[in-house]
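Hi,

Here's the model I promised to pass on.

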Amino acid sequence: MSDSPGNNDTPDPLADFDDIIAEETDRDPDLAVIEAGSRTLRTQGGPPEADVPARPEDPEVDRALREVETELATRWGETKLEPSVTRIAALMDVLGDPQRAYPSIHITGTNGKTSTARMVEALLGAFELRTGRYTSPHVQSVTERISLDGAPISAERFIETYDDIKPYIEMVDTAQEHRLSFFEVLTGMAYAAFADAPVDVAVVEVGMGGSWDATNVIDGDVAVVMPISLDHTDRLGGTPELIATEKAGIIKPDSTVIMAQQPVDAAQVLLKKAVEENATVAREGMEFGVVDRQVAVGGQLLTLRGLGGEYPEVYLPLHGAHQAHNAAVALAAVEAFFGVGAERAERLDIDTVRKAFAAVSSPGRLEIVRRSPTVVLDAAHNPAGAEATAEAVRESFDFSRLIGVVGASADKNVRGLLEAFEPIFAEVVVTQNSSHRAMDADELAGIAVEVFGEDRVQVEPRLPEALEAAITLAEEEGEFAGGGVLVTGSVITVGEARLLLRKG
């Protein structure tokens, strides 16, 4: 493995990043790094983008948000699960079942859930419906997970929502064998916030699986199943069929199922469940799909076939065939929500659909955050996601030399992830993010050497140095030669890199 470049006498402009994390010893490491990045970068540019909020500027609000984050961090993390909806159902009961106050679109699958949820939200909003969106994990701030009208709720509202339901959380904690988990509390907050707004429709992304996921106390009018592949196999099963069995749990009686392209054995499980629940099924490639796609500046131009007809000349400002398929699924889900294909045969207003898709964003999904050299962020964290990302990079970017920065979680199929990226990376810089789930950089390097060969692997345990090393390697091609950097492997890695390489 090559040695890291650099001069030990050179001051580190991001030294405060580690110092601030070290100060936050009482907090969850994921939350600590979010705060560290926000404080480090606050003086490095304008305000953050609306969908990736930084720390509140008001010291009192910031203090109150810290207190909520600290309390949440004392609970079971998202990787520690007790497979049941008993606790979240108890919380909903004492809150008066807020999740029944609005219809919902429920989204599961292995990859593409968040991007599709954002597209569904954009379409519903364009048709003048008030939306609530619940997605996970977050890129930078926990407040991103709960959105109203297309934007994360404010820190003030996040705090107020937590304070409002806190007595009920404590009541359920006392009555149950295990306290509510981090994800269960956030789910309760989302459903309460949506009822309080109130929203016309909720767009809800499953956290993991389906049947026993905390989100599954809703009765989704539309159940969306994104492509199923192997991930979380220790919890969901080691085959697409077993994973599909768990994910099929979101299909409710008399609902509509929008099914993305699936492995045959997974599709059979989903169709069987739909029959059992008397649900109507629309399948990608049969009832809806992508008719045509052309690479365009900043994205792609699509012709989509929906449940009500064709939608030509739809511009989507996201890269990759996988995002085109996500768009087809999102369109079909919204059509089904409006009764297209069942109660009515005509398509939705084409101009409104075009306007909605043109405004879609998906932070951390092939997102360009820097030029000269170009730095792209993508949250691919399993082999299927990495393969889709690699293909999108080949299609949409003309890099003469691409350097990878990879920081992955220890519980993922890291070898499969690296193998998917090997054909497009000239070299790879392996690192680790601040999460306790992160794979040790040296362990990751050992796998990377087996995949890439020793001469193509560099180790930088700290992400700031990893980014600097990758940018330096990309710049070796010369200013106009087309070198680039792709940061990937984990949502946490991408979120931290986004803080360090702020868009704009």
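Let me start at one spot: R370 stands opposite V375 in β13. That pairing belongs to strand β12 (residues 365-370) and strand β13 (residues 374-378), which run antiparallel and are joined by four bridges. Strands count as paired if DSSP finds at least two bridges between them, and the elements themselves are DSSP runs numbered from the N terminus, with helices being H or I of at least four residues and strands E of at least two. β12 and β13 make a hairpin with three residues between them, and S372 in the turn has a positive phi of about 55°.

Before going further, the caveats. This is a predicted model, where local features need pLDDT of at least 70 and side-chain atom pairs count only at pLDDT 80 or more, while totals for chains, interfaces and linings use all residues. Residues are numbered from 1 along each chain as its sequence is written, and side-chain values use heavy atoms, with hydrogens and water left out.

**The eight-stranded sheet**

There's also an open sheet of eight strands, again with mixed pairing, in the order β4-β3-β2-β5-β1-β6-β7-β8. β4 (151-152) and β8 (280-283) stand at the edges with a single partner strand each, so one side of each has no neighbour in the sheet. β1 (residues 104-108) and β5 (residues 201-205) pair in the parallel sense over four bridges, and S104 has A202 as its bridge partner in β5. Helix α10 (residues 264-276) lies across β6 (222-225), β7 (256-259) and β8, at about 170° to β7.

**Helices around α6**

How do α6 and α7 pack, and at what angle? Helix α6 (residues 155-175) and helix α7 (residues 182-196) pack at about 110°, with their axes 9 Å apart. That makes α6 roughly perpendicular to α7; angles of 65 to 115 degrees count as roughly perpendicular, under 35 as roughly parallel, over 145 as roughly antiparallel and the rest as oblique. The crossing of α6 and α7 is right-handed, where right-handed means the near helix is turned clockwise from the far one by less than a right angle, and left-handed means anticlockwise. The contact (heavy atoms within 4.5 Å) includes F158, Y162 and I165 of α6 and L186, M189 and A192 of α7. Its residues divide into nine nonpolar, two polar and two charged. Here Ala, Val, Leu, Ile, Met, Phe, Trp, Tyr, Cys and Pro count as nonpolar, Asp, Glu, Lys and Arg as charged, and the others, Gly among them, as polar.

Helix α3 (residues 59-73) also packs on α6, at about 50° and with the axes 10 Å apart. That makes α3 oblique to α6, and the crossing is left-handed. Among the contact residues are L65, V68 and L72 of α3, and F158, I159 and Y162 of α6. By class this contact has nine nonpolar, no polar and three charged residues.

The structure holds seven aromatic pairs. One of them is F127 with F338, edge-to-face at 5.5 Å centre to centre and 65° between the planes. Rings of Phe, Tyr and Trp (its six-membered ring) pair if their centres lie within 6.5 Å, with planes under 30 degrees apart counting as stacked, over 60 as edge-to-face and the rest as tilted. The pair links distant parts of the chain, 211 residues apart: F127 is in the loop between α5 (113-126) and β2 (131-134), F338 in the loop between α11 (321-337) and α12 (350-358).

Most peptide bonds are trans, and most residues other than glycine have a negative phi. A cis peptide bond joins S136 and P137, with omega about -10°, and P137 is in the loop between β2 and β3 (146-148). Another cis bond joins A197 and P198, with omega about -15°; P198 is in the loop between α7 and β5. Finally, D254 has a positive phi of about 65° although it is not a glycine, and is found in the loop between α9 (240-247) and β7.

Cheers

Key
Axes are lines fitted to C-alpha atoms, for helices over the stretch in contact, and angles run from 0 to 180 degrees between N-to-C directions.
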